[in-house]
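The stops below are given in the order in which to select them.

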Amino acid sequence: MPRKKTKKQQFPTVSEVRLQRKITLDQQRKIRTKKRARNPKQVFYHAEDFVKQNRAKSRSKTYEKKVHGTLKKIQERNSNHSRLIFVILAQRRAFGLSSEAGRILDGWRLRQSGYGVFLSAGPKTFALLKKVEPYVTYGEPSVPTIRQLIQKRGLGKSNGKKVQLTDNKIVEDYFREKGLEDGAICCVEDLVHEISTKGPHFKEVTAFLEPFQVSKKLRHRHSLRRFTAGGTRGDRGNRINNLIEVNIG
């Protein structure tokens, strides 16, 4: 029996124009992915956001003009008085901050809402605090509060990285590299003592400690009223200990 001839399978042909178009589309797709990788965070703002930002900045500028006249009185009042204070940023920095207020907060390393730092407040620091008072809350921490902050939320620096203060050796090695005397600061309790007494190595200790994360709830409170007037901003005095204890304890 003669075998039947089988037809050869014909594959669909693709024209050269289509192939070239596919290559160009692939190249464009690669370029787009590279651009997205360079700029991963592309936030879209509505027109209402810019209006809100401009209004907040104008309020900040008017507040600074009002404060400018009272700065000399504040400096004279606190010329012979220095306090240990703990400052917490109580507002998001995305909108509403003037350039001067932003520079002050950058100098104190307050870049995220709900974070706080220790400051030795003299006349100049009080004058700066008055300028950023609508955005921060501060007060005088007690020794148990300082110890609680360092033990529970304390982060230090080791080889350029943030590390938890789980071992006294981290503290001892850091200050030995900085050239401090042997035994000057060798444990966590020495950090507490140096901050509470505003000792001779206060600047070195505060530079070693990262800003403390106190609370994330403060970023949702947008009341610009002072604490003495029923708000959440400004000087709390000794009541800053209650705020820290509620959020940490």
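Select β4 and β5: they form a hairpin with two residues between them, and N159 in the turn has a positive phi of about 55 degrees. Strands here are DSSP runs of E of at least two residues, helices are runs of H or I of at least four residues, and both are numbered from the N terminus. Strand β4 covers residues 155-158 and strand β5 covers residues 161-164; they run antiparallel, joined by four bridges. Two strands count as paired if DSSP finds at least two bridges between them. Pick S158 to find its bridge partner in β5, K161.

A word on the source: this is a predicted model, in which local features need pLDDT of at least 70 and side-chain atom pairs count only at pLDDT 80 or more, while totals for chains, interfaces and linings use all residues. Residues are numbered from 1 along each chain as its sequence is written, and side-chain values use heavy atoms, with hydrogens and water left out.

Zoom out to the whole protein, which has ten helices and seven strands. Of its 249 residues, 38% are buried, where buried means under 20% relative accessible area, exposed over 50% and partly exposed in between (1.4 Å probe, protein chains only).

Next, select the open sheet of five strands, ordered β6-β2-β1-β3-β7 with mixed pairing. Its edges are β6 (212-213) and β7 (234-237); each has a single partner strand, so one side of each is left without a neighbour in the sheet.

Work through the pairs:

- β1 (residues 83-89) with β2 (residues 115-121): antiparallel, over six bridges. I85 has L119 as its bridge partner in β2.
- β1 with β3: antiparallel, over four bridges. F86 stands opposite G139 in β3.
- β3 with β7: parallel, over three bridges. G139 stands opposite G237 in β7.

Stay on β3 and show side chains. Which way do its residues point? V136 and Y138 point one way, T137 and G139 the other, and all are buried.

Two loop residues come next. Most residues other than glycine have a negative phi. R109, in the loop between α4 (99-107) and β2, has a positive phi near 65 degrees and is partly exposed, with a relative accessible area of 25%. K198 lies in the loop between α8 (188-196) and α9 (202-208); its phi is positive too, near 50 degrees, and K198 is partly exposed at 30% relative accessible area.

Finish inside the protein. A cavity is a set of points, on a 1 Å grid over the protein atoms alone, where a 1.4 Å probe fits but cannot get out; lining residues have an atom within 4 Å of a point. Grid points are joined across faces, edges and corners, and a volume is the space filled by probe spheres set on the points. How many cavities of 30 Å³ or more are there? The count is one, and the largest cavity holds about 40 Å³. To see its lining, select R109, V117, F118, T206, L209, E210, P211 and F212. These divide into five nonpolar, one polar and two charged, with Ala, Val, Leu, Ile, Met, Phe, Trp, Tyr, Cys and Pro counted as nonpolar, Asp, Glu, Lys and Arg as charged, and the others, Gly among them, as polar.

Key. 1 Å grid on protein atoms, 1.4 Å probe; cavity = no way out; pocket = protein on both sides within 12 Å on 5 of 7 lines; lining within 4 Å.
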